[in-house]
Amino acid sequence: MLGIGGGTGSAPSWLRDSDMRSKGVYLSGLDGSITKDRLEDFLESEGDAAVQEVVMVWDRTRKAPNGTCFVLFKDPDSVEKAMNLYNTGRATIYGSPFIICTLNVRVEGASEGTSASADVETRAKEEAQRKLDEKAMAQDLHAKAMEKQKNQKAAYGGSDMGMSHGNTVGR
């Protein structure tokens, strides 16, 4: 199982925003001992790219980086510079080559041209409505069960005889 960042299991929030994704890349095949700082230094010095954030992907079982990460750059030009670094064969750290890919993907739950916060707000409203609907259904079922118990009790002359926790016995 994979976790993003410090093993939290959630991807960087900026992946949900198409404008931010256009400034991001995915790296794979990284040496397991590579650090965020070393990777950032490499991309800035060798690729002349302006790094905003590096998010290492972690293997939760081993509690160690799994050799992949997401990088958010400060501008789209830095993405081109990083891709040029890869395309010219200069994407190697500690003598190990790695792969750089742009993030041309659709993220489930994200809307093109909207911010991540708007998507989160929409999902939160939908979840709140779902919980209200479930609560209303549970209350309705409870009311029906109470009515059934009341009717059963009336059928036995108002006593609890023959009833076990609201259910009739033998009828």
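I looked up Arg62 first: at 54% relative accessibility, Arg62 counts as exposed (exposed is over 50% relative accessible area, buried under 20%, partly exposed in between, with a 1.4 Å probe and protein chains only). I am working on a predicted model, where local features need pLDDT of at least 70, side-chain atom pairs count only at pLDDT 80 or more, and totals for chains, interfaces and linings use all residues. Residues are numbered from 1 along each chain as its sequence is written, and side-chain values use heavy atoms, with hydrogens and water left out.

Arg62 meets Asp59 in a salt bridge, 3.6 Å from N to O (a side-chain nitrogen of Lys or Arg within 4 Å of a carboxyl oxygen of Asp or Glu). Asp59 counts as buried, at 18% relative accessibility.

**The other pairs**

How many salt bridges does the structure hold? I find three.

Asp48 pairs with Lys81, their closest N and O atoms being 3.6 Å apart. This pair links distant parts of the chain, 33 residues apart: Asp48 sits in the loop between helix 2 (36-46) and strand 3 (51-59), Lys81 in helix 3 (residues 76-87). I took helices (H or I, at least four residues) and strands (E, at least two) as DSSP runs, numbered from the N terminus. Asp48 is exposed at 52%, while Lys81 is partly exposed at 34%.

Lys144 and Asp140 also form a salt bridge, at 3.4 Å from N to O. They are four residues apart in helix 4 (residues 116-155), so about one helical turn separates them. I noted Lys144 as exposed, at 52% relative accessibility, and Asp140 as partly exposed, at 39%.
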